[in-house]
Every structure is written in structure tokens, then in C-alpha cells.
Amino acid sequence: MRKLCPNYDREDGLDTVLEVPIPEEMFNKMGSTAPLRWHNLRALMKAQSHSSDRSSYLQAKSNNEFMALLKLVGSPLISFQVQLDNPLGRPIKDASIEASTAKYIVQQYVAATGGPAAFTMVNSMYAVGEVKMLGSEMQQGDESVHARGNCEAGGFLLWQKNPDLWSLELVVAGFKISAGSNGKVAWNQSSSQPNLANRGPPRPLRRFFQGLDPRCIANLFLDAVCIGEDTIENEACFVLKIEAGSNTLKAQCSPNTEIVHHTVWGYFSQRTGLLIKFEDTKLVRMKSIRGNDNVFWETSMASMIEDYRYVDSLNIAHSGKTITTLHRYGGSHNHKRKIEETWQIEDVDFNICGLSMETFLPPAEVRKEQDGGEQPMPAS
């Protein structure tokens, strides 16, 4: 991946470090010659797209639609709040058989990813990764849809101190989005759309649960129940399920939107104890301003997780694939769209020296909302 940009203004000048490393494939698409590619790359570093025509990317009809899709599949949040100070060895004798089984499975997962001692040694994380995305058009009816068209490449940079303190920079096809949480509010922003603060308390980034942060995964499923077994890629798995509570969902709603449910499933290998699939479904009702014809948006995301490797005593997944299905129905609308994302972790490290709160500062507009006591923007 490209991490440095040469200084063409001064021959003796130092190279510029890219805010987000990008894959060679993306760099090669930025122009026909090396100088043109570097020029477009410098424009990208200034949050400016090097091309105004993106109508075919992810089968989007406009730049704004592409950015909306990129935010939805690139930086989604989990509706659950995760506390890392929960004791992982909770007693199981007073719980139901389904809850007790789930706690036992989580204990096996903790052991498979490094153990409690390794968990307690981690206080921060850094990760660089590469992504490739492929999308379908919005199609009518309930028939199955298939992603096709151009495969868009990009990269991301992620910093984290705990589930509610994180920062993400994501670049795909010449567009850049930023998202983060400072422990009080979560937000996302881009060069072409206004900054948005997510309604409700801060929540963790879904990307953590794709095998990247075993601490978050273990604490999330501590309150789950075991609903049975399934076979995933010829691997026998225990299936754990957890649903967001009504009070949690209510805090994320707005006057015009209602989150009906958000359910998460984790598929843990019976052989290795590792998480090999993470799946969640979220249903949002958009209330009609006139009449009773509400529109429902159902977002289903299923992540296959693989290539576990030890980094500083923690067993981390280094690659995988997420399939996102968007289903819009209600009234006269009934459409589906599918987007596929494959990712690969290029570099990951823990206990980063000098990682301060300034890394997680929200944009000025979001800070003004907080200081002025205004309500956050609609649910995401």
C-alpha cells in the first residue's frame, strides 16, 4: 500500500505521509501518468475528489448516493454499548441454560484469542487495512440481487482506546469519509456532505467486531443466548444471539425515524472457539409526513472472518468479506440492493504511545452542538 507522497514542489523536500494509506490498485486508477496520479492523490489529501463523475461506482446514480452507501457499509455502528470492565468470568449457575451456554462459549473464545491476561494488557489499538467494494443497482421486488460492475479499491486507518473512543478514516474510489467517537458523541463527515452527529449515546464501530478487537466481541456476547448450532464453510458452529433493548433503541430514534429492532448473531467455531461469522440486522421505520404510508429500511450485514494471526499475544482476524443487503419496502416501494466488501488488515498494533484525546476530537460543527446543548442529528 502507498503510504508516502513525493514532494514535487521541492526536490530536496521530505515525502508527505498520507493520512490514509491506499492500495496500489487505487493509485493506478488516479491517472495515466505518475505525475498526474500524484497530483490527484494530493487533491485527495485535501478532501477533494479527483473526478466529478462517480455515477457508476457501487452502481450509484450520484456522488451523494455513493457517499451515503460508502458511509452505510464502510462505517456502520452497533446499537449496543460495550463495557470493557465487565468481568469475563461471570457465574453461570443462576442463568438460563441458553444464557449459561453462551457464557461458556464466550469463555472458550477468550481463551482462543489470548486469554484474560492478554486482554487486560491492551489499552489502545491502531490498524491499517485495504478494502474492495462491489455493488448492485437498486432492484424492484423480492428477487435475489447480485453485486456486479466496477470493483472499487480503498484503504482505512483506525485508532481506538476503548469501544467509545475511536477514529476512522476511509478512502474508496477517490472519496474520503471520517467517523469517530470522543466518548460522548459519535459522528461521521465527508467532503461532499454535512457533518452528522449520531443520535443517542456513543456506540462502537462495527468493524471492531469483525475479529479485530476480541475484547469488544467477548463483552458484547456476554449477555447473549445460545440459540443452537449451524455449519458455516464446513465448520460446525455455536450460534449466539443478542438483541438491543427497547430503551437503547429509543435513545437512537428521531421524530421521523424509529429503530424497530437491531439483532446480532455470532457464529463461534466448535473446533477452535474463534468467531468465524458476525451478522446483524437492523430495521428502521421512516415515518411519513403525510398519510400513514411508512417506509421501512432493513439493513442486513453478514461478515465472514478468517486468517487469524497472533499480534502481541492477541489472536486477530486479518481478512474477511462482508455482504450488505438493503431492503426498502412499505407503501408502493419494494426495492433491494446488495454491496460486497472484502477487507485485509495490512498492519495492526496495540498500546500506542502518545495517543491523546486530540486524536478523537469531533468536527467543529459537532462540538458546537454539544456546547449549545442541541439535540444530535437523526438516527443512523
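**Exercise 1.** Determine whether threonine 299 is buried, partly exposed or exposed, and identify the residues that it touches.

*Solution.* Step 1: the relative accessible area of threonine 299 is 16%. Buried means under 20% relative accessible area, exposed means over 50%, and partly exposed lies in between (1.4 Å probe, protein chains only). Threonine 299 is therefore buried.

Step 1: threonine 299 is located in strand E14, residues 295-311. Helices (H or I, at least four residues) and strands (E, at least two) are DSSP runs, numbered from the N terminus.

Step 2: leaving aside residues up to four places away in sequence, threonine 299 touches Asp280, Thr281, Lys282, Thr324, Thr325 and Leu326; a contact means heavy atoms within 4.5 Å. Arginine 337, 38 residues apart from threonine 299 in sequence, has its C-alpha 9.8 Å from that of threonine 299.

A note on the source is needed here: this is a predicted model, in which local features need pLDDT of at least 70 and side-chain atom pairs count only at pLDDT 80 or more, while totals for chains, interfaces and linings use all residues. Residues are numbered from 1 along each chain as its sequence is written, and side-chain values use heavy atoms, with hydrogens and water left out.

**Exercise 2.** State which backbone feature aspartate 307 and aspartate 312 show although neither is a glycine, and locate each residue.

*Solution.* Step 1: aspartate 307 has a positive phi of about 60 degrees. This residue lies in strand E14 and is partly exposed, its relative accessible area being 33%.

Step 1: aspartate 312 has a positive phi of about 50 degrees. Its place is the loop between E14 and strand E15 (314-330).

**Exercise 3.** Describe the surroundings of serine 269.

*Solution.* Step 1: serine 269 belongs to strand E12 and counts as buried, because its relative accessibility is 4%.

Step 1: beyond residues up to four places away in sequence, serine 269 touches Glu235, Ala236, Cys237, Leu274 and Ile276. Its C-alpha is separated by 9.8 Å from that of glutamate 229, 40 residues apart along the chain.

Step 2: the side chain of serine 269 reaches the backbone nitrogen of arginine 271 at 3.1 Å. A polar contact is a pair of N or O atoms within 3.5 Å; within protein, one must be able to donate a hydrogen and the other to accept it, and residues adjacent in sequence count only if both atoms are side-chain atoms.

**Exercise 4.** Locate lysine 176 and name the residue whose side chain it meets in a polar contact.

*Solution.* Step 1: lysine 176 sits in strand E7, residues 175-182. With a relative accessible area of 14%, lysine 176 is buried.

Step 1: its side chain is joined to that of glutamate 169 by a polar contact of 3.5 Å.

**Exercise 5.** How many aromatic pairs does a search of the whole structure find, and how is the pair of tyrosine 109 and phenylalanine 268 arranged?

*Solution.* Step 1: the search finds eight aromatic pairs. Rings of Phe, Tyr and Trp (its six-membered ring) pair if their centres lie within 6.5 Å; planes under 30 degrees apart count as stacked, over 60 as edge-to-face and the rest as tilted.

Step 1: the ring centres of tyrosine 109 and phenylalanine 268 are 5.4 Å apart and the planes stand at 75 degrees, so this pair is edge-to-face. It links distant parts of the chain, with tyrosine 109 in helix H4 (residues 97-112) and phenylalanine 268 in strand E12 (residues 257-269), 159 residues apart.

Step 2: tyrosine 109 is buried at a relative accessible area of 1%, and phenylalanine 268 also counts as buried at 1%.

Step 3: ring pairs link Tyr109, Phe209, Phe221, Phe268 and Phe278 into a cluster.

**Exercise 6.** Summarise the protein as a whole and the confidence of its prediction.

*Solution.* Step 1: the protein contains eight helices and 16 strands. Of its 380 residues, 51% are buried.

Step 1: the mean pLDDT (the predictor's confidence in each residue, from 0 to 100) is 84, and 83% of the residues reach 70 or more. Over residues 47-52, however, the pLDDT is below 50. It also stays under 50 over residues 373-380.
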